[in-house]
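Colleague: I am new to reading structures. Please walk me through this one, feature by feature.

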Amino acid sequence: MTYIKRAIVIKIKNKFKNNRIIILVGSRQVGKTVIAKKIFEGCDVDQKLYFNLEDPRVLVHFENMDMLLKYLDLSRVDIDKPIFLVIDEFQYIKNATKLLKIIYDIYPNIKVLATGSSSVEIQKHLKESLAGRKMVYNVYQLSFEEFLSYGDKDGKYLNLTTDNATPAVINTVNTKYLYKYLYYGSYPKITAEEFSDEEKKEELSEIFKSYLQKDITALIGGDNILAYNNLLKCLASQIGNLVNINELSNTLGISRLEVEKYISILQGTFIIKMVYPYFTNKRKEISKMPKIFFYDQGIVNFILNNFSDIATRPEIGAIVENFVWNEIKNKISITDKIYFWRTQQGSEIDFILKTDEGIIPIEVKWKSAGGKPIPKSFRFFFANNPSAIAGIIVTKDFTSISKLGEKKIFYVPAVLMSRFILDFKGNSFAYFG
């Protein structure tokens, strides 16, 4: 399979300068193994070993530290010199936390890069604290920029910014790349392989079945698989909308606790994400119902068996909102948080990005023409939230800057959202001065 350059590779390499244990988690098929192998190949340590713990013949060496040391000795590895270990699918280790703690506390020459396919399973095995001993990174499907870096062979669109992009050029990117990205999703294999349309659907089917067989079935156990699958369809049909647990319980004929359990599993295996409301005045804000987003639009299309033209779908606004959530999620720091905002009076904003520097409301206006007035909800939000530093209106192809009082409002095309966030984060919000 052709390697697609991943931004996280450089980040992990840099983090190993000051960290000895780094853990990558994420759903199946997002490229954790490829990333781990890329880092392994580029590591300049003389002593390095790669372990795939899905192989029981390899897993046996990780029953305890003595077994691992014995294997290292047989492999003529000198533990008094630098060692780099890649442990793929490390959740299969029964006492993973204990093993990693021993490595960290007693063997300072050993650095470990571990990967795990399900955060639910990982949390089950990492019961003890590794605080201060490890860094954990989520690995997601390809961001749009990573997708574009593979598809845009001549680099014609990779250097576009809100300063140099015209509506005509942005619409070319939408037509040529964005709709394709949203059609079959962003799993690396589907992107990199030269599959036909039918073969891409088959690959999505295989990813979906593998996920159900290896992750979900094991986690659900003897529970109602049919109800679980029906819940998945219900959720896929309402991306960007509020999730009413009681309503889902009544529709599916299962208890509220079952619905909450299945949703928890879906979140833990990186299929969906619940985004919660931003509260300022709790008496006026709508209660605690979250909005739902999916990590991959291709999986949504497969679940709903809907591969009609993305650009003409009636729910295109919700699809783009889901895309924007993913783009924001891919670029913000670990301390930043994403919410949405809605009041009982009907005012709402798609996303509220809460950062150390301040709060930023973000509204998706895909169907609206460029130059539309600033939404009334922005005026209300800014008036009641003095910590808001600027606003972003995500558009189909329109780029501009406006003002609401002293606050800047940026009109940013959806396909440039990731780059825009990275730019202003990297410049300490210089845009907002």
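Colleague: Which residues point one way from E10, and which the other way?

Modeller: First, the general idea. In a regular strand, side chains alternate between the two faces of the sheet. Now the case here. Ile359, Pro361 and Glu363 point one way from E10. Ile360, Ile362 and Val364 point the other way, and all are buried. Buried means under 20% relative accessible area; exposed means over 50%, and partly exposed lies in between (1.4 Å probe, protein chains only). Strands (E, at least two residues) and helices (H or I, at least four) are DSSP runs, numbered from the N terminus.

Colleague: What kind of model is this, and how are residues numbered?

Modeller: It is a predicted model: local features need pLDDT of at least 70, side-chain atom pairs count only at pLDDT 80 or more, and totals for chains, interfaces and linings use all residues. Residues are numbered from 1 along each chain as its sequence is written, and side-chain values use heavy atoms, with hydrogens and water left out.

Colleague: Back to E10. How many of its residues are buried?

Modeller: Strand E10 covers residues 359-364, and six of its six residues are buried.

Colleague: Which way do E9 and E10 run, and how many bridges join them?

Modeller: Start with the rule: two strands pair if DSSP finds at least two bridges between them. E9 and E10 run antiparallel, joined by four bridges. Look at Ile352: its bridge partner in E10 is Pro361. The hairpin of E9 and E10 has four residues between the strands. There, Gly358 takes a positive phi near 155 degrees.

Colleague: In which sense do E10 and E11 pair?

Modeller: In the parallel sense, over three bridges. Strand E11 spans residues 390-395. Find Ile362; it stands opposite Ile392 in E11.

Colleague: What is the order of the strands in the open sheet?

Modeller: Read across it: E8-E9-E10-E11-E13-E12. That makes six strands, with mixed pairing. Strands E8 (337-342) and E12 (400-404) stand at the edges. Each has a single partner strand, so one side of each is left without a neighbour in the sheet. Neighbouring strands are turned by 25 degrees against each other on average, direction ignored. At one end of that order, E8 and E9 pair in the antiparallel sense over five bridges. Tyr339 stands opposite Ile352 in E9.

Colleague: Which strands does helix H15 lie across?

Modeller: Axes first. They are lines fitted to C-alpha atoms, for helices over the stretch in contact, and angles run from 0 to 180 degrees between N-to-C directions. Contact means heavy atoms within 4.5 Å. Helix H15 (residues 316-331) lies across E8, E9, E10 and E11. It runs at about 10 degrees to E9. Helix H16 (residues 376-384) also packs on the sheet, touching E8, E9, E10, E11, E12 and strand E13 (407-413). Its direction makes about 170 degrees with that of E10.

Colleague: Which residues of H16 are buried?

Modeller: Ser377, Phe378, Phe381 and Phe382. They cover an arc of only 125 degrees around the axis, which puts them on the same side of H16. That arc is taken from the directions from the helix axis to the C-beta atoms. These buried residues pack against E8, E9, E10, E11, E12 and E13. On the other side, Lys376 and Ala383 are exposed.

Colleague: Next, rings. How many aromatic pairs are found?

Modeller: A search of the whole structure finds 27. Rings of Phe, Tyr and Trp (its six-membered ring) pair if their centres lie within 6.5 Å; planes under 30 degrees apart count as stacked, over 60 as edge-to-face and the rest as tilted. Take Phe208 and Phe302: 5.3 Å centre to centre, 55 degrees between the planes, so tilted. Phe208 lies in helix H10 (residues 197-220) and Phe302 in helix H14 (residues 297-304), so the pair ties together parts 94 residues apart in sequence. Phe208 is buried at 13% relative accessibility, whereas Phe302 is partly exposed at 22%.

Colleague: Which residues form the aromatic cluster?

Modeller: Tyr140, Phe270, Phe293, Tyr295, Trp325 and Phe351. Of these, Phe351 is buried, at 0% relative accessibility.

Colleague: What sits over the ring of Phe351?

Modeller: The charged end of Lys291, 5.8 Å from the ring centre. The test is that NZ of Lys or CZ of Arg is within 6 Å of the ring centre and within 35 degrees of the ring normal.
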